[in-house]
Amino acid sequence: MKNIAFCILFSLMAQAGMAQISAKLMRYMDVSDAHIVFVYGGDVWMVPKNGGTAIQLTRSPGEASWPRFSPDGTQLAFTANYNGSQDVYVMPVAGGIPERLTYQSFSDRVVDWHPDGGKILFASSRESGRQSYSQFYYVNKGGGFPEKLPVPYGELASFSPDGTRLAYITKITEDYPFKRYRGGLASDVLIFDLESRTARNITNSHTIDGKPSWSGHTIYYLSDRSENMRINLWAFDTETETHSQITHFDEFDISYMSAGARDLVFEYGGDLFLMDLQTRSHQLVEVNVVSDLSVEMPRSVNVGNRISNMTPSPDGKRVVFEARGELFTVPVTEGYVENLTRSSGAFDQSPSWSPDGKYIAFWSDQSGEYELYLQENDGNPVPRRLTNRQKGFGYTPYWSPDSKHLAFIDEKNDIYVVDIETGQQKLAGNTWWNVGHGGRFSYPIAWSPDSRWIAYARGLENAHEAIFVYRLQEETTHQLTSGFYHDTDPAFSADGKYLFYLTRREFDPVYSSLNDGTWVYPNSTRLAALSLTPEAPSLLQPKNDEVKTGDDESSDEKKEEVVVEIDFSNIESRLVVLPPQAGNLVRLAAIEGKVIYMRSPNSGSGERGASLVFYDIGEREEKSILSDVNSYALTGDGKSILVASAGKYGIIRPASGL
């Protein structure tokens, strides 16, 4: 196998000669009577409240975060990685050597200063057992052993002015990458009385309520409870116990917020805003930072260990890799590496080489939203935009054998077929049950050899999956298997007479040794084949040698064009379960005379690493191709396989004995 490691030279379009740049996308801001502090580029910066040029306060090797002013505004507590872990540090706002206050190996997140100015509240999972949640601790600003608070669990909090109560949240939901969440992890704002040790929920809703900040008799917090479900600033009056919406933004969510005694600071749309708490009017704060922009200097980076997706050319002579949001074409034997997309301002992903070798399809967000693009394999550096979806996320595109259509699944679990000439999309189906973001990248969609059908697995009401087919010309969908068993990973045979798939139907139960009445059914997957028409003989019919005459063999005879026909009547009665032993089988594909798949270690075997194997249809026997394989992809001509194994990549033949 060929170990491919390559370097790229990239540039982030640095503006040479400009000392000041406008800071955007600031995080973890806080405000005192005179200054605003925030995190930009992984370090803590401070700027006057009316804006201007910010001063860089930290230069942590890792990321500094969650800076908080002391009540008198003279000191700054923050979390940073100076010594190998995220710990609590304190330093003067005028600068100086940060003093380390915590020494645990678990991450300690600065939360707030106590109103007396003598101790700092932080959150840590150091004692939560499985580290699945955090708890609150005090640490003296002069150091010493932390003191655990009697709050069962919490993530972010803010003290009442007298320090007797704590407004806090137990889950950080407002930072989730998905929006408008309404599940069991949605956060609420609670008040904990540190004297009576009682808590009450003041928001108690199914919406996202987070980042509480207590100022005077008001608790400010972020929430998406408004009609447009954007995260805006809300207020809870502790005297009247009423909620009110303060901001009414509808284009972006407010990401971060913190309140001082007189002002409140927040980030919206990448900009910093300051709000007067008396008038509740806000204004943009212009912030410039002075930096050498050293991170934007062109440099060589080895991205061989950053490969995410891959696709081989039809003849197996080159491979396109996705790495760090760019696409690279790499020779298998001789040649040089070429960056196909060169789009540092976009993320290009999920490449797929057409069977005729003319195009490389991929997804890119260069327009602002993910769309399908076609890169011609003729030296033209400008890709052609194929779709105009304007929203959503697409996953691995699958080419039809005639290179005229692409099929893919999107973020809604919808399956589409796209005409590469017109860009027209047709909805071919839906998985019904959610596949999940990570699983959609490898969700299999199988094309018939005549490019007239696609096959895929769809969930049913019984939580099993069944095999469905969609016919392009008629735009009709048919269910092939009953769903009595769990059937996945369809693949058409090269001659179009059979459909192979994986089915979980081997039951060899194992009883729990804990005497809890539990049975498990591991290693249940078998390889199955459906004869698509009654005329297609069973792949397990009795063998009978026949004598061929001279007229039966002709070297000049051309193969007949494959036309796939499916007779749906009693189709599952033509099912045969093939001889390979049951186990954990995944990633099915079919070529002439073979069915290729990966055999993962059986549950309980203690083995590691999957093997790439094939079932020889003629010999009715499973044979091993290669062990310790992470993933694979067939070439368009079906004669070679691109394999990934332990960080190495290579082209091999689909034969045993490697």
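Tutor: A salt bridge is a side-chain nitrogen of Lys or Arg within 4 Å of a carboxyl oxygen of Asp or Glu. This is a predicted model: local features need pLDDT of at least 70, side-chain atom pairs count only at pLDDT 80 or more, and totals for chains, interfaces and linings use all residues. Residues are numbered from 1 along each chain as its sequence is written, and side-chain values use heavy atoms, leaving out hydrogens and water.

Student: How many salt bridges does that rule give?

Tutor: Apply the 4 Å cut-off between nitrogen and carboxyl oxygen. The count of salt bridges comes to 26.

Student: Arginine 100 forms one of them; how far apart are the closest N and O atoms?

Tutor: The partner is aspartate 87. The closest N and O atoms of this salt bridge are apart by 2.9 Å.

Student: Why does that pair tie together parts of the chain, and how many residues apart are they in sequence?

Tutor: Strands (E, at least two residues) and helices (H or I, at least four) are DSSP runs, numbered from the N terminus. Arginine 100 lies in strand E10 (residues 99-100) and aspartate 87 in strand E9 (residues 87-92), so the pair ties together parts whose separation in sequence is 13 residues.

Student: Are arginine 100 and aspartate 87 buried or exposed?

Tutor: Buried means under 20% relative accessible area, exposed over 50%, and partly exposed in between (1.4 Å probe, protein chains only). Arginine 100 and aspartate 87 are both buried.

Student: Which residue meets glutamate 622 in a salt bridge?

Tutor: The N to O distance is 2.7 Å. Glutamate 622 sits in strand E54 (residues 621-629) and its partner in strand E52 (residues 594-600), so the pair ties together parts 23 residues apart in sequence.

Student: What is the relative accessible area of aspartate 616?

Tutor: Aspartate 616 meets lysine 623 in a salt bridge of 4.0 Å, N to O. Lysine 623 is buried, with a relative accessible area of 19%. Aspartate 616 is also buried, at 12%.

Student: How many aromatic pairs are there?

Tutor: Rings of Phe, Tyr and Trp (its six-membered ring) pair if their centres lie within 6.5 Å; planes under 30 degrees apart count as stacked, over 60 as edge-to-face and the rest as tilted. By this rule the number of aromatic pairs is 32.

Student: What is the angle between the planes of tyrosine 28 and tryptophan 66?

Tutor: Their centres lie 4.4 Å apart, and the pair is tilted. Tyrosine 28 is in strand E3 (residues 27-31) and tryptophan 66 in strand E7 (residues 65-69), so the pair ties together parts 38 residues apart in sequence. Both residues are buried. The angle between the planes is 45 degrees.

Student: Over which ring does the charged end of lysine 119 sit?

Tutor: A charge sits over a ring if NZ of Lys or CZ of Arg is within 6 Å of the ring centre and within 35 degrees of the ring normal. The charged end of lysine 119 is 4.3 Å from the centre. The ring belongs to tyrosine 138.

Student: What share of the residues in the chain is buried?

Tutor: The chain has 1 helix and 57 strands. The chain holds 658 residues, and the buried share is 50%.
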